[in-house]
Amino acid sequence: MLELLSEAFTLFATIENALALLVGVVVGTVVGAIPGMTTPMAVALTLPFTFALPPVTGILLLLGVYKGGIYGGSITAILINTPGTPAASCTVLDGYPLAQKGEARRALDIALIASCIADFISNISLILFAGYLATFALNFGSAELFTLIVFSLTIIAGVSGNQLLKGFGAACLGLLLATVGLDLIYGTNRFVFGQVNLMSGLTFIPVLIGLFAMPEIINYFISKEKTTAKTTLAGKGASLADVKSCIKSILRGSFIGVILGAIPGIGGAPAAFMSYSEARRTSKDPDSFGKGQIEGVAAAEAGNNGVAGATMIPLLALGIPGDVITAIILGAFMIHGLRPGPLMFQENLSLIYAIFMGIMLSSVYLFIVGKLSIKAISKIADIPKSRLFPCVLILCVFGSYAVNNTIFDVGVMFLMGAIGFGMLKLSIPVAPFLIAFILGPLLEDNFRQSLLISKGSYAIFFSSGICWFFWILTSFSIAFLIYQHQKPGTPPLVNQ
Amino acid sequence: MLRSERTRNLLSAAVFILLATAIIWIAIPYGVQEPKKVKFVALSPSYYPRLVSYCLLALGCLILIRSLLPKPLNPTNQQESTSRYQLLVPIVFILFLLYWFLEYLGFVLGPILALLAMLLLAGERNIVAILIISVTLPLCLYLFFTQVANIPIPGGILDPLLLKLQ
């Protein structure tokens, strides 16, 4: 064990890793603070820059962007009433009224402290639980894996917002797109139509960048309304008394975030709202919530950030992404020749421990970056979009090309951008499309392998207790999401 | 354009149904190469995409039925048109030109020209900023990928010049 830890420490303790994580947190915080730029978009655009890096460094860079992005979303939520990320929409409720009262600095300080504590608790839970879950998952055969992936695909319902049917439709499109290339069993061509570039299937990064970055760019150009709100920092920072008064809500919110984050598809926004409503319910002065109550900011941010580490539990232990960003990180693992899941805990445990060490450091970085650079970051958030979006377009071109060194991928990215834009205009969510595209080959592979074992009998999918467990979980998950979807007046479970 | 939720739903349903039908009856028969002998139907390379396409078709029909059913109007879903769709033409034109001439112009000159055009189209009027951004960003990205990440990026017609720079 000690040998393993020292090996992991050697893997982790390099200047490159420390720097990559810091750069990631800064980039994430800046991007998260810019309304219109999303965290998935930031992670997607950072991905090509990790090609030349060792796996641990690359993954840490992306994790830094992820964690920074979640916190960054709260900056503009508090300062200009515009959440940088959907998960920060709850922070607006009390953050902006505080800024209007001239207490922006206090709100930002509490948001940062709550974010860091929640992030730390979330990371600890990841370290404690991922290993156990992976050990359990070692017993899985192809049928169990198939049912697990079917269950994880119910996260599509979670990322579809109030467009459940369209979300499932988009997922079908993603599954179909994933079938392009050589057949997994017979090696024959599928939807290749003589195009050599399609024989190995569509590359993940151009599809990802096309779906997440291009539609936002095009939408900016054709949009008549251009936001010009300027950020202003005012007031004094949070006092020790503020922290003391909020600590209960922060801890409660952190655990809510951890529990909801570990369930695929729930995401930061519902966790933030649940934590907020719990803080309000248990408060001595519930009427002050929504009017600039500092505890409201703390609860929302704790719930939101408590999710970040926990979403990595199903990713690392089972190879199943908990949300869109972890789906992108799963793609990053694959690009670096790694496959998260129970086998990784057997074969690459030192690498996992190295990532855990980096994740713990990210909480510290988040605090330092938030504390020292809040003024500068809030200014960067004012960069004119007329300069920002054309630059992002060029980043997309370089990023798409760099994967396989082929201009064909740039074309794929543009095409996916057009499809993504069409989906945006038709209110078809793109996140289910991407998640299905990533999980598609795994789903099909295990589906067909199971049938090969059972000689074509579907009974194999109901042959073990684990299969039944996942079928029941899937049914509950779908029933719950349909109930949420149909219930009037309830905010949909929307992920980032 | 695309003001009501119903129009968007109808269009989405049409897209799903058309795509599913095209995949089932055109793309699969012509685009999926079947092996001579398949052990079970479910193992055939076309089985899984066909299954997913049928699900897509069913979903398209469900959306169509739902959008045809009378439903009380939700004022929040009646969006005012705030988009300038005519701008799509120059955007597509610029992106098409960039893609088409990317190999010839290379990843420095091509993006410089595209960035110039896109900055102007985005409404940026500060000429100095336009020039600085257009030149420095593609050049920095080119140098990063070729020098730091060791990824060969084509310089196109500027290759001789860029090689001297490295």
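This is a predicted model: local features need pLDDT of at least 70, side-chain atom pairs count only at pLDDT 80 or more; totals for chains, interfaces and linings use all residues.
Residues are numbered from 1 along each chain as its sequence is written, with chains lettered from A and ligands numbered from 1 in the order in which they are written.

The contact between the chains takes 52 residues from chain A and 58 residues from chain B, two residues being in contact if their C-beta atoms, placed from the backbone, lie within 7 Å. On the side of chain A that touches chain B, the elements giving two or more residues are α9 (164–177), β2 (189–190), α11 (214–222), α19, α20 and α21 (431–453). Helices (H or I, at least four residues) and strands (E, at least two) are DSSP runs, numbered from the N terminus. The largest share of this side, 11 residues, comes from α19(A). By class, the side of chain A that touches chain B comprises 32 nonpolar, 10 polar and 10 charged residues; Ala, Val, Leu, Ile, Met, Phe, Trp, Tyr, Cys and Pro count as nonpolar, Asp, Glu, Lys and Arg as charged, and the others, Gly among them, as polar.

Helix α19 (residues 385–404) of chain A also packs against helix α20 (residues 407–425) of chain A, their axes coming within 7 Å and crossing at roughly 135 degrees. Axes are lines fitted to C-alpha atoms, for helices over the stretch in contact, and angles run from 0 to 180 degrees between N-to-C directions. The two helices α19(A) and α20(A) are therefore oblique to each other; angles under 35 degrees count as roughly parallel, over 145 as roughly antiparallel, 65 to 115 as roughly perpendicular and the rest as oblique. Residues A:Cys396, A:Val397, A:Ser400, A:Tyr401, A:Val403 and A:Asn404 of α19(A) meet A:Ile407, A:Asp409, A:Val410 and A:Met413 of α20(A). This contact of α19(A) with α20(A) has 7 nonpolar, 2 polar and 1 charged residues.

Both α19 and α20 of chain A are among the elements covering the buried residues of α10(A), together with α3 (39–46), α11, α16 (324–335) and α21. In α10(A), 9 of the 9 residues are buried, so this helix is largely enclosed by the rest of the structure. A residue is buried if 20 or more other C-beta atoms lie within 10 Å of its own, exposed if 12 or fewer, and partly exposed in between, with C-beta atoms placed from the backbone. The buried residues of α10(A) include A:Phe204, A:Pro206, A:Gly210 and A:Phe212.

Two loop residues of chain A have positive phi values. A:Phe193, in the loop between β2 and α10 (204–212) of chain A, has phi near 50 degrees and is exposed, with 10 other C-beta atoms within 10 Å. For A:Lys455, in the loop between α21 and α22 of chain A, phi is near 55 degrees, and this residue counts as exposed with 10 C-beta neighbours inside 10 Å.

Chain B is divided into domain 1 (5–77) and domain 2 (85–165), with bounds from an automatic or database domain assignment. The C-alpha centres of domain 1 and domain 2 of chain B lie 39 Å apart. Helix α1 (residues 5–31) and helix α2 (residues 47–68) of chain B pack at an angle of about 155 degrees, with their axes 8 Å apart. That angle makes α1(B) roughly antiparallel to α2(B). The contact of α1(B) with α2(B) has 16 nonpolar, 6 polar and 3 charged residues.
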